[in-house]
Amino acid sequence: MLTVNNLSVQFGKRILFDEVNTVFSDGNIYGVIGANGAGKSTFLKIIAGEMDPTSGNVFLEPGKRMSVLNQNHNMFDESTVLETVMMGNKHLFKVKSEMDALYADYDDKNADRIGELQVQFEEMNGWNADSDAATLLSNLGIGADLHYTLMGDVDGKLKVRVLLAQALFGNPDVLIMDEPTNDLDLETITWLENFLANYENTVIVVSHDRHFLDAVCTHISDIDFSKINHYSGNYTFWYESSQLAAKQRAQQNKKAEEKKAELEEFIRRFSANVAKSKQATSRKKMIEKLNIADIKPSSRRYPAIIFDQEREAGDQILNVQNLAASVDGEVLFTNVDLNMAKGDKIVVFSKDSRATSAFYEILNDKQKPDAGTVDWGITTTQAYLPLDNHDYFEIDLNLVDWLRQWAKTEEERDEVYVRGFLGKMIFSGEEALKSARVLSGGEKVRCMTSRMMMQRANVLMLDEPTNHLDLESITAFNNSLKNFKGSVLFTTHDHEFAQTVANRVLELTPKGVIDRYMTFDDYLDDPKIKEMRKKMYE
């Protein structure tokens, strides 16, 4: 379907790709992964024809159509929503536009050309294009009342969905998507997962959403050592098998039969748990053919995120009564009552992200509520990772001195001690002497995480902790919260994070709160809760 021949990409002295040869086959869904800066987005741009490689080429089978999820949200502001979707099939839209122009200026000279265009239009199923585009939009939560609205007048978050519909329109043979779940709500992501799991053509996708990669991918395409290797299975299978490969490589003295038995047990476990019915049979066959020699230990560095408690909290953690908040007269949430028990790990979420951020700011006494009270248990200590951490880094300090601000004792002020916490988050050697002002978004989150670890609190509050982080850091963060013995309040767009960490769900709405002790998936699937949620957002 799509062949990459001798592809090399070099920026100055830095080599991103070195003579990559690979094939993306028909009917497979490839999740492209790699450390930050490995070249994931660059690779997608090259295969989409938006950027030239230093050498080599990309070959798409003749007669096949490629579609790319557009990242420029303002590119179609002068077009209607429906037109924007149909532009996803460029040839069809060109034929339709020419036909419409000829009809508008009709005379006998145009008749033959119109006839030719009609034949082409018919072959492309063009007469159903409007209704197909409308159906796609409706499935993505964009009602008929918006279909003839100009894109320039559409809310930014809805634009993302329109561009998604554009990429999916007309059943392209190769679909290329860079972070398709960004700015989508959970319902839309679930719809997209189901759509792609049943998609019969080739998909190449970059995503930091592990639940999404697990739900849709038949293969993982790993960018490592300037090469790209395809591995059968989804992200979790790749992650666990690469960890197994690293462990087995380290066990030089272990007998071959023992390693083989360990691999067979690993494959048996995954084969029994293959997701998505349509892909299950083929993926099971792929997994059963796997040889441990095919999997290479990754060069990735996983941060060591370890949250310890200075002391264990008593039974009284947090009591919130009748809490309410609004912004510019718009109600964010009302009537929030919460009695948090020891060991609770609560995922706090809302359809309006301003509501969850306001909730954390109130709990941390950085914002006054419209009504209600917040009482922390006297044995609790809190550590907070805010959504906006900009103000923490407006200071002329290197990272060692920056982190030292939260030291409580002389021992903690010692440079070796402070560097230990920075080192756990992969700031080693000279990197620990960087200025706090020049950090990237991901580096800031890693510094804020070092700060939280150093505080050794027994209650953690995290507002979108996975923002700006790579898959390695997200996976390490996820595992650390599962193992944390204290209490947690967190908000995340990472479905896997929410499902595997939380034992309780708290949803903030303008008409009150829904509070349930259950897993995140059970909460979303419960029909009674679905009905309740609908009413509380109306």
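Phenylalanine 477 lies in helix H17 of this predicted model, and with a relative accessibility of 0% phenylalanine 477 counts as buried, because the limit for a buried residue is under 20%. Once its neighbours within four places in sequence are set aside, phenylalanine 477 is in contact with Ile305, Phe307, Leu385, Thr449, Leu462, Pro465, Leu469 and Phe497. Aspartate 375, by contrast, stands 28 Å from phenylalanine 477, C-alpha to C-alpha, the two being 102 residues apart in sequence.

**Helix H17 and its surroundings**

Helix H17 covers residues 471-483, that is 13 residues, and spans 18 Å from its first C-alpha to its last, close to the 18 Å expected at 1.5 Å a residue. Ten of the 13 residues of H17 are buried, so the helix is largely enclosed by the rest of the structure. The buried set is made up of Leu471, Glu472, Ser473, Ile474, Thr475, Ala476, Phe477, Asn478, Ser480 and Leu481.

**Aromatic pairs**

Phenylalanine 477 also belongs to a cluster in which ring pairs link Phe307, Phe477, Phe484, Phe490 and Phe497. Across the whole structure, a search finds 22 aromatic pairs. One of them joins phenylalanine 24 and phenylalanine 43 in a tilted arrangement, with 6.0 Å from centre to centre and 40° between the planes. Phenylalanine 24 sits in strand E2 (residues 14-24) and phenylalanine 43 in helix H1 (residues 40-47), so this pair ties together parts that are 19 residues apart in sequence. Phenylalanine 24 is buried at 0% relative accessibility, and phenylalanine 43 is likewise buried at 0%.

Phenylalanine 307 and phenylalanine 484 form an edge-to-face pair, with 6.2 Å from centre to centre and 75° between the planes. This pair links distant parts of the chain, since phenylalanine 307 is in the loop between H11 and E10 and phenylalanine 484 in the loop between H17 and E16, 177 residues apart. Phenylalanine 307 is buried, with a relative accessible area of 8%, and phenylalanine 484 counts as buried at 4%.

**Nonpolar cores**

The largest nonpolar core has 54 residues, and those with the most contacts inside it are Leu168, Met177, Leu192 and Leu196. Helix H6 supplies the largest share of this core, seven residues. Leucine 192, when its neighbours within four places in sequence are left aside, is in contact with Leu164, Leu168, Met177, Pro180, Leu184 and Phe212. Apart from this core lies another, of 50 residues, which includes Phe427, Leu439, Leu469 and Phe477. Leu469 is also one of the residues in contact with phenylalanine 477.

**Salt bridges and cysteines**

The structure holds 22 salt bridges, and three of these pairs are set out below.

| Aspartate 77 | Lysine 159 | 2.9 Å |

In the salt bridge between aspartate 77 and lysine 159, the partners come from distant parts of the chain, 82 residues apart: aspartate 77 is in the loop between strand E5 (66-68) and helix H2 (81-86), and lysine 159 is in helix H6 (residues 156-168). Lysine 159 is buried, with a relative accessible area of 7%.

Through salt bridges that share partners, Glu310, Lys408, Glu412 and Arg456 are joined into one network.

As for covalent links between cysteines, the structure holds zero disulfides. Cysteine 217 is buried, with a relative accessible area of 0%, and cysteine 447 also counts as buried at 0% relative accessibility.

Notes:
Residues numbered from 1 in each chain as written. Predicted model: local features only at pLDDT ≥ 70, side-chain atom pairs only at ≥ 80, totals over all residues. Heavy atoms only, no water. Disulfide = S-S within 2.5 Å. Buried < 20%, exposed > 50% of the residue type's maximum accessible area, 1.4 Å probe, protein only. Salt bridge = Lys/Arg side-chain N within 4 Å of Asp/Glu carboxyl O. Helix = DSSP H or I, 4+ residues; strand = E, 2+ residues; numbered from the N terminus. Expected span 1.5 Å × (residues − 1). Core = buried A, V, L, I, M, F, W, Y, C linked by side-chain atoms within 4.5 Å. Contact = heavy atoms within 4.5 Å. Phe/Tyr/Trp six-rings, centres within 6.5 Å; stacked < 30°, edge-to-face > 60°.
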